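Please look at the chain as a whole before turning to any single part of it, and keep the sequence beside you as you read.

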Amino acid sequence: MGMREQLRRVWAGLAQENSTQRKTALLPSVLTPYGGVMRETLPKPTPMNLRRFAETPAPRRAINYIKDRIASMDWQVRLKRGFSANQVERAGEKLAALRAGMEEPNATDSFRTLCEQVLEDLLVGGFGAMEMEATDDEARPFQLWPVDGATVQINLKWDGSADSPRYAQATGKIGKDALIPLLDDELIYIRQNPRTHTPFGLGRLEVAFETINSFLAAHQYAGRLASNSVVQYALWLNETTPTQHERMIRWWQDEIEGTGRVPILSCEEKPEVLRFAGGTDADLRLEWQEFLLRMIANAFDLPAMMLGVQSDVNKSTAGELADEAFRSAIAPTAKLFAEHITRDLFAKRLGWREFEFVFNDLEARDESEEVQIQTELLKAGVLTVDEVRAMRGLGPLLVAK
């Protein structure tokens with residue numbers, strides 16, 4: 001049996017017939033891909049190139065600004081709206097178990113280290129992935145492990161059944177171990193910018209790929225120019241014989257170049273200096289580099305101020321730009337991560353659909369504004385004290401009988 005046949009059976013062996021069938025075609029553009037102009041001069045946005053570009057200063061700053069802000073947020077596990085502790089059996093024990101499981105998702109990771117790895121892949125390639133497994137321990141009912149999203153393949157023929165594999169991880173091995181099939185309730189696969197013509201997401205670094213490549217080229221050229229490794233001028237010696245020209249070059253290289261000595265020339269005509277550029281900072285193309293930084297910031301949904309471009313930033317606009325970065329880049333990504341934890345882990349894997357995972361910092365940007373709103377709602381009788389405490393991640397008050 002060939003390898004192709006084995007892989008086909010891995011996908012189809014566990015598939016079951018589903019009574020409900022969709023009428024629309026799934027990913028029709030895969031069969032009729034659209035054409036485009038081939039750009040042979042640019043590197044391809046492969047996972048390896050994406051990760052290499054993510055290690056350069058400007059993209060790393062953008063990634064860290066989003067990733068570190070989300071990973072350091074305060075979070076909580078709470079009952080969904082419409083549920084109360086009296087309606088859910090063992091609600092307190094389940095909340096404590098979910099909290100403990102998220103704080104220590106596996107033997108080596110904490111919540112922050114797990115979150116950072118998944119968010120890194122999500123921002124770089126649009127593929128954040130976590131493997132989830134249920135345990136027999138009631139105190140920690142699940143375990144989570146980060147997965148390299150670039151190695152995850154998606155089964156386009158998945159019928160929606162819980163018993164048929166939806167994903168597979170490519171191990172790089174040959175034979176029956178080439179793919180590890182994963183069910184829908186075994187893998188959390190987070191897509192950024194999901195689209196209809198492809199099963200994969202679109203990461204922010206992928207959007208900025210060409211711009212980053214141009215910025216690195218401009219930055220490298222400016223570095224060579226500033227270090228004087230790029231020739232900026234030439235000497236014109238009029239009416240010299242080839243012998244005199246050769247002697248002049250040897251004398252300059254042996255006696256003058258790199259010594260700091262003052263050269264003394266005696267000739268009938270003064271040598272003329274021919275400059276290839278203006279000899280100013282404009283030769284470094286700083287304005288072009290600043291424009292590219294703005295484009296990189298746009299790809300990450302961030303103001304250019306966050307990447308060090310502060311030419312048009314003042315005290316009155318800095319706060320508004322920081323709020324814009326939170327609303328456009330941080331909050332959507334954090335909500336996407338939280339929704340997958342709630343839907344895939346709590347609901348699908350554990351079957352505890354009454355609970356949800358939320359980041360507390362997303363409820364209100366300003367702490368004083370949040371306190372004021374909650375106080376007014378308390379006075380109006382819209383919320384109770386226990387409901388406000390639950391919104392802030394605190395337990396209910398214990399009333400003495």
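Predicted model: local features only at pLDDT ≥ 70, side-chain atom pairs only at ≥ 80, totals over all residues.

The secondary structure of the protein chain comes to 12 helices and 10 strands. Of its 401 residues, 35% count as buried, a term that stands for a relative accessible area under 20%.

What do nonpolar side chains tend to do in soluble globular proteins? They tend to be buried together. In this model, the largest nonpolar core has 66 residues, and the members that touch the most other members are Phe-337, Phe-357 and Phe-359. Helix H10 gives this core its largest share, which is 12 residues.

The next step is to see how helices pack. Two packed helices are described by the angle between their axes and by the distance between those axes. Helix H5, which covers residues 111–125, and helix H10, which covers residues 315–349, have axes that come within 12 Å and cross at roughly 115 degrees. Angles from 65 to 115 degrees count as roughly perpendicular, and H5 and H10 are therefore roughly perpendicular to each other. The crossing in which H5 passes H10 is right-handed. On the side of H5, the contact is made by Phe-111, Cys-115, Val-118, Leu-119 and Leu-122, while on the side of H10 it is made by Thr-333, Leu-336 and Phe-337. Sorted by kind, the residues of this contact are 7 nonpolar, 1 polar and no charged.

Helix H5 also packs against helix H3, which covers residues 57–71, and the axes of H3 and H5 come within 9 Å and cross at roughly 140 degrees. Are H3 and H5 roughly parallel, roughly antiparallel, roughly perpendicular or oblique to each other? Angles over 145 degrees count as roughly antiparallel and those from 65 to 115 as roughly perpendicular, and H3 and H5 are therefore oblique to each other. H3, too, passes H5 in a right-handed crossing. From H3 the contact takes in Arg-60, Ile-63, Ile-66, Lys-67, Asp-68, Ile-70 and Ala-71, and from H5 it takes in Phe-111, Arg-112, Cys-115, Glu-116, Leu-119, Glu-120, Leu-123 and Val-124. The residues of the contact of H3 with H5 divide into 9 nonpolar, no polar and 6 charged.

One further residue of H5 deserves attention, namely Asp-121, which is found in that helix. Is Asp-121 buried or exposed? Asp-121 is buried, because its relative accessible area is 8%, and the cut-off for buried is under 20%. Apart from its neighbours within four places in sequence, Asp-121 is in contact with Arg-51, Gly-126, Phe-127, Gly-128, Val-147, Asp-148 and Gly-149.

Lys-335 is found in helix H10, and at 44% relative accessibility it counts as partly exposed. Lys-335 and Phe-359 are 24 residues apart in sequence, and their C-alpha atoms are 7.8 Å apart in space.

Asp-301 lies in the loop between helix H9, residues 286–299, and helix H10, and with 36% relative accessibility Asp-301 counts as partly exposed. Although Asp-301 is not a glycine, it has a positive phi of about 60 degrees. Asp-301 and Phe-326 are 25 residues apart in sequence and 9.5 Å apart in space, from C-alpha to C-alpha. Its contacts, leaving aside neighbours within four places in sequence, are with Arg-204, Ser-328 and Ala-329.

Asn-193 has a positive phi as well, of about 55 degrees, and is not a glycine. Asn-193 is found in the loop between strand E7, residues 187–191, and helix H6, residues 204–207, and with a relative accessible area of 40% Asn-193 is partly exposed.

Notes. Residues numbered from 1 in each chain as written. Heavy atoms only, no water. Axes fitted to C-alpha atoms, helices over the stretch in contact; angles between N-to-C directions. Helix = DSSP H or I, 4+ residues; strand = E, 2+ residues; numbered from the N terminus. Parallel < 35°, antiparallel > 145°, perpendicular 65-115°, else oblique. Left-handed = near helix turned anticlockwise from the far one by under 90°. Contact = heavy atoms within 4.5 Å. Nonpolar A, V, L, I, M, F, W, Y, C, P; charged D, E, K, R; others polar. Core = buried A, V, L, I, M, F, W, Y, C linked by side-chain atoms within 4.5 Å. Buried < 20%, exposed > 50% of the residue type's maximum accessible area, 1.4 Å probe, protein only.
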